[in-house]
Amino acid sequence: MKKPGETKYPHIFQPGQLGKLEVKNRIKYAATETNFNHRDGFVSDREVNYMEDIAKGGPGIVTAQGAYTDSASAGKGYVGMMAIYDDKFIPGLGRIAKAIKKHDSVAILQLMHCGRVGGVELEYTVGPSDVPQRLSRFRPPREMSKEDIKQEVQNHIDGARRAIEAGFDGIEVSGIVGYLVSNFNSKYTNKRTDEYGGSVEGRARFMCEILRGIRNEIGKDYPLIVRLCGEELLDDRGGSTPEECMETWKLAEACDIDLLSVTAGWQESPVSVITRDIPMGSWLHVVERAKKAVKCQVCMAYRLRKPEYPDRAIAEGKLDYWEMCRPMIAEPHLPLKILEGREEDVIPCMSCNLCLARLFRDQPIVCMVNPRLGHYYEPEWEVSPAPQKKRVVVVGGGVAGMQCAAVAAQQGHDVTLYDKSERLGGQLCSAAKGPYGDDEFQEFIDYLASQCKKSGVKIVLNHEVTDKQFADPLHNPDAIVIATGARAVPPSVPGADRSNVVTAHDAMDGKVEVGERCLIIGGRGVGIGVALFLAANGKQVSIVEGGKKLGRDVNPSYIWRYVRMLKGHKVQMFTQSKVEAISDEGVTVVGPDGQKTVVPVDTVVLGTMQSNKELVESLEFACGELYTIGDASTPRRAHNAALEGYRTGLRI
């Protein structure tokens with residue numbers, strides 16, 4: 001009898017073939033760095049546990065993270081990246097292969113020299129040519145000699161041999177986003193005039209020598225995969241054209257590969273590729289082009305996190321495998337839950353790129369929506385039956401409150417969740433009204449609400465909790481969790497109490513009328529969000545921020561996008577500035593040099609936040625356990641709220 005997912009999504013759950021190997025479905029977990037491994041390149045228990053949980057989640061192919069191939073560590077782009085340049089790493093790598101294969105998934109190891117974005121612990125990077133870096137976080141490149149090139153080809157071949165000895169079923173070579181193979185393939189970074197430069201064929205020689213060498217080393221019994229750019233999106237700096245990328249695919253295919261994984265964009269591209277404002281399925285035209293250009297199988301990851309998109313694309317002959325990374329960071333059991341018809345239990349990836357931001361700051365990855373990430377198989381992070389059932393009250397139905405209520409109920413507690421509004425979701429509901437893909441936030445709200453209801457949480461809306469509700473200690477709950485969030489606060493200036501001064505959330509929720517000319521006080525996440533919302537709705541917007549830059553609390557993957565969007569909407573931005581007064585004439589803004597500017601406005605929108613602590617102070621002795629979480633503790637971001645909610649739910 002077919003399972004629900006096989007009926008609903010028949011194409012992603014049909015068996016596949018990868019070289020001589022049979023694959024149980026058409027789902028491929030894409031390699032991702034985690035910074036979970038040891039800094040010396042050895043595999044950690046944490047990484048093994050992470051990979052096993054991914055395999056347990058049901059993908060047909062699981063690709064282990066990229067392993068750097070050179071002993072000098074020039075190819076090392078992340079502090080917790082695993083190594084494969086010596087036989088001493090084989091036992092650790094074998095633990096990952098064994099963990100993957102235990103769950104009937106094909107185990108692939110990726111070889112990855114990070115090229116111009118590598119050398120994370122060095123003072124330089126290496127590449128085909130000395131092309132200056134455009135991003136300040138990367139180190140200056142050194143041009144590789146022919147001897148260096150030949151050695152790195154051999155390093156890849158030796159790495160492939162070690163991977164097979166470790167027990168992996170096949171090899172993948174990474175040639176995307178600015179890593180070494182892509183550096184050679186691209187005319188942006190390859191200015192060589194010898195046989196490794198010039199034409200497409202010359203630039204791809206390095207890649208082809210690696211692929212042919214690996215194929216000769218591992219033989220025909222082991223599949224060989226390569227990841228290559230379909231569109232570099234480097235037109236502003238002379239990158240390869242899509243047509244040249246296509247020629248690179250064909251050259252790779254001639255090297256006897258079994259699967260081509262295509263991507264779009266580099267880390268240096270001035271165009272966003274995987275942020276929320278890129279609609280789902282936007283890059284399918286790239287993989288469709290690949291499908292027409294080569295005879296080998298093709299797959300793609302970017303912005304395909306919902307199963308209906310890849311299922312339809314496979315049915316239409318546009319791709320052969322659904323590849324994904326971040327969706328399974330958020331929900332490691334995504335394939336299994338879809339297969340079993342439990343889509344409401346899938347933790348939805350918000351494409352927030354917090355995982356990437358952590359990598360680029362040399363930290364282990366974390367996830368906005370999955371607090372357990374990196375803590376699989378650690379008992380203190382697992383939901384388990386509580387030793388004593390307690391009566392728990394959670395005040396506030398935002399992210400922190402819902403997450404806490406669901407976990408506490410799953411542990412067996414009797415939980416009641418109160419919220420003074422008519423909806424669950426708190427501030428994230430307002431954020432979901434943002435104009436650039438932010439409606440996806442509603443999916444996380446719906447997920448948390450579903451988990452609360454399924455775990456038996458009693459939800460009471462339109463009820464404002466006061467201290468009077470807990471006046472009788474004999475009937476009070478055993479634990480109270482304050483998750484009342486934060487509220488926008490006016491500055492202490494003349495005119496702050498005027499009727500045209502409104503909060504950011506009321507403005508986004510349509511609870512107040514906003515005039516044509518708006519000034520936002522506060523340039524952190526909330527202020528930027530409402531500024532984009534109003535500007536996209538045709539308002540004339542100004543924003544005032546006390547710091548040197550906007551968005552100090554916004555993910556780096558997004559802030560550059562947001563600033564560009566604000567400029568595109570001609571938003572007037574005042575930084576290192578403060579509001580001095582609000583009057584009939586407008587808002588008086590004092591700049592860093594003390595100069596005053598009067599900005600004519602119809603509506604002033606408050607985007608600075610302050611914790612709602614009133615209940616915390618009045619309920620200090622109301623019960624044996626009192627917790628304050630999320631923005632009620634300190635205004636921050638949604639991932640902090642989810643993490644605190646989860647940990648507090650476990651602690652009760």
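Student: Where is the closest cysteine sulfur to that of C355?

Tutor: Happy to start there, and please keep in mind that this is a predicted model. To call a disulfide, we want two cysteine sulfur atoms within 2.5 Å. The closest cysteine sulfur to C355 belongs to C352 and is 6.3 Å away, which is too far for a bond. C355 is itself buried, with a relative accessible area of 9%. C367 is not in a disulfide either, the sulfur of C352 being its nearest at 6.1 Å. C367 also counts as buried, at 15% relative accessibility.

Student: How many disulfides does a search of the whole structure find?

Tutor: The search finds 0 disulfides.

Student: Let's turn to charges. How many salt bridges are there?

Tutor: The general idea is that side chains of opposite charge can pair when their charged atoms come close. In this structure the count comes to 52 salt bridges. Let's take E323 and K28, whose closest N and O atoms are 2.7 Å apart. This pair links distant parts of the chain, with E323 in strand β12 and K28 in strand β3, 295 residues apart.

Student: Are E323 and K28 buried or exposed?

Tutor: E323 has a relative accessible area of 0%, so it is buried. K28 is buried too, with a value of 0%.

Student: Which residue does D277 meet in a salt bridge?

Tutor: D277 meets R561, at 2.1 Å from N to O. Here a loop is linked to a helix: D277 sits between β10 and α9, R561 belongs to α19, and the two are 284 residues apart. Both D277 and R561 are buried.

Student: What about R305: which residue is its salt-bridge partner?

Tutor: R305 pairs with E443, and their closest N and O atoms are 2.8 Å apart. Through shared partners, salt bridges join R303, R305, K306, E440 and E443 into one network. As for accessibility, R305 counts as buried at 9%, whereas E443 is partly exposed at 23%.

Student: Which residues does Q403 touch?

Tutor: Q403 is part of helix α14 (residues 399-410). Leaving out residues up to four places away in sequence, Q403 touches P371, F444, L448, A642, G645 and Y646. Q403 is buried, with a relative accessible area of 7%.

Student: On to strands. Which way do the side chains of β16 point?

Tutor: A479 and V481 point one way, I480 and I482 point the other way, and all of them are buried. As background, strands of a sheet pair through backbone hydrogen bonds, either parallel or antiparallel. Strand β13 runs parallel to β16, joined by 4 bridges, and V393 has I480 as its bridge partner. Strand β27 is also parallel to β16, again with 4 bridges, and E625 of β27 stands opposite A479.

Student: What is the strand order in the open sheet that includes β18?

Tutor: The order is β18-β25-β19-β20-β21, 5 strands with parallel pairing. β18 and β21 stand at the edges with a single partner strand each, so one side of each has no neighbour in the sheet. From one strand to the next, the twist averages 25 degrees. Between β18 and β25 there are 3 bridges, and V501 stands opposite V604. Helix α18 packs on this sheet, touching β19, β20 and β25, and its direction makes about 170 degrees with that of β20.

Methods: Residues numbered from 1 in each chain as written. Predicted model: local features only at pLDDT ≥ 70, side-chain atom pairs only at ≥ 80, totals over all residues. Heavy atoms only, no water. Buried < 20%, exposed > 50% of the residue type's maximum accessible area, 1.4 Å probe, protein only. Contact = heavy atoms within 4.5 Å. Salt bridge = Lys/Arg side-chain N within 4 Å of Asp/Glu carboxyl O. Pairing = 2+ DSSP bridges. Axes fitted to C-alpha atoms, helices over the stretch in contact; angles between N-to-C directions.
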